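Have the structure open while you read.

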Amino acid sequence: MKSKNGMVKLRNRIVWCFIIVVFAVRVFDSAIDSTWDEVIAPKLYPGGDYTGIVDAGTIGYMSASFILYIISAIVFYIMVKKIIEKESLRQIQEQNLIYAAVAHDLKTPMTSVQGFAKALSEGKIKSEEVNETYQIIYNKSKGMNELVDTLFEYAKCGSADYKMIYKETNLCVLLRDIVAENYCDFEQHGIELAIDIPEDKIIVSADKKELKRAITNLLVNAYKHNPDGIHILVKLYLDGKKAKLIIADDGTQIPIGMNIFEPFVTENVARTSGKGTGLGLAITKYILDEHKAKIDICDTVPGYVKAFVVDFPIV
């Protein structure tokens, strides 16, 4: 994904290169002027006046400045070229990672679907196991469809046409709706949910659909990447001029040094758990960045192993 943050970093690096080159040119140009005025000109023109004189000395002086600017332009071009090549290589590597990851996540369920379908067509499945086999095929195909949908959302985030429509939104109501929509999934995983959402309004400027997607990803992550029967805290409160959302759990710790907001990064390094693509949190981070919201992970919430903490600017 060619994120806006990546383009900003690329632009900043080019700007810094320009500043460095301009500074170097000014230093060397001043050195040339000083050398000419204080050393060379007094020897070539003892009278001190060389106005209007065109000879080897004055031509050499002007040529030195001209050559300096030519060299600086070449150096700037080389520096920018290397920066762009490095960024292009990074994007190609990221794209190749996407292809490899998608192929990995689609291959296993597709193989299962093909195998079960072939077994059904050849009558190798016992009659009492047919319905169960159909359910397995359905679940596998549903998972593949979800992967394609998630990949589409991830690709959309990097598109130039990706625009958000911001409106004043009651974060309390939105959060209650999200929790309610996912409540059955929490019950299915035996999760005990603690909810602390104020009755008063907390208004933020948000694209309701996209912000809902981001928060939903955080909740889904809580039960997808933790064992059943854990405790989860969903808490929202005002903290000065910010609204603070905490989604904490007492499940599995995140490995030290792992940036789970990078695409295709999961707690399962080999990516064999089948519990996710690692795209959900990357999408969440992008959406929250667009909302000027800051997301972090901490382990300081009492009674919980880890917590996602999101700071929203309030209206």
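1. Let's start with a word you'll need: a residue is buried under 20% relative accessible area, exposed over 50%, and partly exposed in between (1.4 Å probe, protein chains only). By that scale, Arg13 is partly exposed at 37% relative accessibility.

2. Before going on, a bit of housekeeping. This is a predicted model, where local features need pLDDT of at least 70 and side-chain atom pairs count only at pLDDT 80 or more, while totals for chains, interfaces and linings use all residues. Residues are numbered from 1 along each chain as its sequence is written, and side-chain values use heavy atoms, with hydrogens and water left out.

3. How many salt bridges does a search of the whole structure find? The search turns up 12, counting a side-chain nitrogen of Lys or Arg within 4 Å of a carboxyl oxygen of Asp or Glu.

4. Take Arg13 again: its salt-bridge partner is Glu87, and their closest N and O atoms are 3.6 Å apart. The pair ties together distant parts of the chain, with Arg13 in helix α1 (residues 4-44) and Glu87 in helix α2 (residues 56-121), 74 residues apart. Helices here are DSSP runs (H or I, at least four residues), numbered from the N terminus. Glu87 is buried, at a relative accessible area of 8%.

5. Now look at Lys244 and Asp239, whose side chains form a salt bridge at 3.9 Å, N to O. Is Lys244 buried or exposed? Lys244 is buried, with 13% relative accessible area, whereas Asp239 is partly exposed at 41%.

6. Lys285 and Asp289 make another salt bridge, with 3.0 Å between the closest N and O atoms. Both sit in helix α7 (residues 280-290); because they are 4 residues apart there, about one helical turn separates them. Lys285 is partly exposed, at 27%, and so is Asp289, at 24%. Elsewhere, salt bridges that share partners join Arg13, Glu87 and Arg90 into one network.

7. Last, a helix pair. Two packed helices are described by the angle between their axes and the distance between the axes. Helix α6 (residues 208-224) packs with α7 at an angle of about 145°, the axes being 9 Å apart. These axes are lines fitted to C-alpha atoms over the stretch in contact, and angles run from 0 to 180 degrees between N-to-C directions.

8. Which residues make the contact (heavy atoms within 4.5 Å)? Among them are Leu211, Ala214 and Leu218 of α6, and Leu281, Ile283 and Ile287 of α7.

Definitions and conventions: Helix = DSSP H or I, 4+ residues; strand = E, 2+ residues; numbered from the N terminus. Contact = heavy atoms within 4.5 Å.
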